[in-house]
Amino acid sequence: MLNDAKKRLMYVSGDDFYFFTYSIFIILDVLKCINERTFRDYRKLPFLVEFVRDKNLIYILESSTRSDTQDVTDGMNNGAPLSRKLNNVDKEYLFRSYSNGIARRSEMLKLLFTLEKSGYVGLSKGDIDSMVNVTLIKHALPPDFLSKKVFGQEFENMQKLKLIVKRLSSLTQETMLERLYENQGVKTWAL
Amino acid sequence: MGSLRINQVVYEGDSYFFHSPIFDNNLILIEGDNGTGKTTFCNLIYFGLGGSVSEFRDDGEKKHKEITRDSNNWVDLYVTISGKNYQLKRYIKDNDISITEYVAQVDDKGDFVFDVSAGITTLILPINRSKAEVATFSDWMLGQLGISVVELYQGYDTFKINFVDLMRLIYHDQKTEPEYVYKKIDVKQTYFSDSELRRKATFELLIGKAFSDYYDAIVEAKRAEKSHSGAKEMLDEYKIIANGMRGRGEIKNKTFLESELREKDAIIEKLQYARESFKRNRSVEANVEPAIENLKSRMLEAEVLTSELNAQLLDIYDERSKLLFIKENTAKEITQVTKVIHTHDQLNLFSADTCPYCLTKIERTSGHCVCGSEIDEAKYQRFFYTSQEYKEIYKAKTKTLSTIQLAIDDCNDEVESIKAQIKFAANNVVDAKEKLHALVNRMDQRIDINSLNDIDDKLLDTREEMALLRQRIDIETKLEKLQLDVDQKRDVANIANTARQLLEIKTKDEIRSKVNTFSEHYNVLMTRALSACRTARISNDDYMPIINDGEYKERSSAVSIRLMYFLTMMEMSLVNSDVPYPHFMLVDTPETAGIEPKELLNCLKQISGLERFNLPYQIILTTGLGKYPPEFLSKRVMFMPDEEHALLQKRN
């Protein structure tokens, strides 16, 4: 009993592989990276997982990049979301998601290999050797698995993010990080 | 009555001197030719007795050159007044007379000498009256002669009868027109100097003892009347002032005013009591101040409590927001766990037999780790959970959530409680504030400045009224005093007037009898002296002579008429000791105004008739050479037949 309790206490929901699993599926599904279409560079996934999971991050991004400002019409940054000065709390919140993403990166490839072995995702080599692209083999999933009833919030989050940051599936990791974090004033470092 | 007698006449000067012999007879005859100094001799006597002699003055018309040009010159008269010997010394051109008593002694040669060195005090008196009201020589003289110094009123003027006034019927001088009888006055100072009233008074004073009393009574009545009218004037004046001060107020006497004053005094006392009561009320309310302090500290405490509670509330809000955050996260985790369970159930990707490093399924013997070590299966810690375990986690999380909810509920309760406390404290502050306000207001009401001011105003008004009343009482007191003064003075005036009236009747009777007596004596003397005179009397009105019932007016007889008039006075004073005439006559060279020598002699012979009374008297008579009855020769004490034997002898 004691051990059961200990194990329960040691459970960290954010580190759960099933959590990663369904999040990846939802990302790929929303970005239509199904079958032949691939998601460029799996390293972007741990960061996106954060956004899928937490709608607060979506709010922060939304408020930071609202297009009711002149910046967009000026056409600066080629339509990319412009940073607005965030308050420190929001900035801190955003930064924590960045650091979470970094922390999960090593687990991500391991998980993707397992999922590939299970036949749920397809992995392919990218432009360079180290780059791995990902695609969702949707029909392999149980038919009701990606139910909106179960993952309604996650789908909504991802849909919103997709609107906020364009071409998420094809962006390089650097560009994506720039748009998600640096433009909002969150410092990132070279990976 | 009093008497006057000249014993010696002395003139001393740097250039001239004259020493008369001692006059020890009733009749003193001085015979001299014209211009030898007969009139000068008389004038020396008159001057010595206080008269004004124009010849002795530098501004005189016919100055006597030897005397006015002489220096350090004076006249000494050795006189006997009513039995007392006096030396009267008067310097020429001076208006003071020194009076020194002297003693008559007989020297080695058997002659009389007058010694003034006996050391008896010398009196120096002025001749003229001054406003300083010091006694004059005349006053002294009249006092010695027993004649009152009477003050006469004429119109608004008053004057006193002087000795020189009496001298008008004593000094039979040469200068006066004899028809006027009375010697001409020396200097006419005022309109009244020679008035009939004055002349009559002179006459009356010289012949009647009662006249002095009567004139005194007149003076007294006049003075009392004057004093009365003065007091009345003052009263009237003051009444006008009092009316002015009284203003519109009705006339009230002192008694009423004083009772009014007492009423006001009582009002003042009441007002002061009321004022004190007010002040006492205020001191009772002194416990308001501690109450205020109390309320103030209560208010302060409540405010401090409120701010403390607010701080607490903020803390709890903070805690609650943290709890809500945790709750949110927990709820999120719970939903995530359900999704994980869903995924696990559907995909079943991981189990206890999944390699934590590569995530591949491994064949593991029970009781051993993936690495092969022996383990207690129950204690084997893995990264992967069974469905059962996930459900436990779910359950645990849910429980956590409810626990958090409990904490949040607690927080909410605490928030409510603190809010209630804050509200209570705030109410306390409001309450304390209201009470404080009420207390402060009440304090103002209690002190009631307006009422106090009203009382003070009333006090001031009453005091003013009292001051006014006191003023009026003072006025009334003064009025009463003045009225009393007037009343008293009126009484005095009435008494004096009655006395005067009584004396007037008495005096008029006496005058009538004295005038009758005078007329009888005069008639005898005149019929003897003047052959043409059948009857002679004096008028009752002005005491002037009426000869033959006024039909006889021969100017040549004027000297006789005048001389007999003087002589009648002398005779009366010898007959009746009540007559104040001082038994003294000075007659200067009567043979003027064309009198017949025979009649002159007849007149002079009448003087001899005085001897029959066997009483001392003195008549000093100067005549021209041989112009006197031969039997008078034995009375001749000085003989100045020519200028070599003139009166004034030049010093060598």
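How are α3(A) and α4(A) oriented to each other?

I began with the model itself, which is predicted, so that local features need pLDDT of at least 70 and side-chain atom pairs count only at pLDDT 80 or more, while totals for chains, interfaces and linings use all residues. I kept to residue numbers that run from 1 along each chain as its sequence is written.

**Entry 1, the helix pair in chain A.** I looked up helix α3 (residues 45-53) and helix α4 (residues 55-64) of chain A, whose axes come within 5 Å and cross at roughly 100 degrees. The two helices are therefore roughly perpendicular to each other, a label that covers angles of 65 to 115 degrees. In contact (heavy atoms within 4.5 Å), I found A:Glu50, A:Phe51 and A:Arg53 of α3(A) meeting A:Lys55, A:Leu57, A:Ile58 and A:Leu61 of α4(A). I noted that the residues of this contact divide into four nonpolar, no polar and three charged.

**Entry 2, the interface of chain B and chain A.** I noted that 32 residues of chain B are in contact with 33 residues of chain A, and that the area buried between the chains (accessible area lost with a 1.4 Å probe, summed over both) is about 3,000 Å², of which carbon and sulfur atoms give 59%.

I then looked up salt bridges (a side-chain nitrogen of Lys or Arg within 4 Å of a carboxyl oxygen of Asp or Glu) and recorded two between chain B and chain A. In a salt bridge, the side chains of B:Lys332 and A:Asp54 meet at 3.3 Å, N to O. On the side of chain B that touches chain A, α8 (288-347) and α9 (387-447) are the elements that give two or more residues, and α8(B) provides the largest share, 12 residues.

Conventions
Chains are lettered from A and ligands numbered from 1 in the order in which they are written. Side-chain values use heavy atoms; hydrogens and water are left out. Axes are lines fitted to C-alpha atoms, for helices over the stretch in contact, and angles run from 0 to 180 degrees between N-to-C directions. Helices (H or I, at least four residues) and strands (E, at least two) are DSSP runs, numbered from the N terminus. Angles under 35 degrees count as roughly parallel, over 145 as roughly antiparallel, 65 to 115 as roughly perpendicular and the rest as oblique. Ala, Val, Leu, Ile, Met, Phe, Trp, Tyr, Cys and Pro count as nonpolar, Asp, Glu, Lys and Arg as charged, and the others, Gly among them, as polar.
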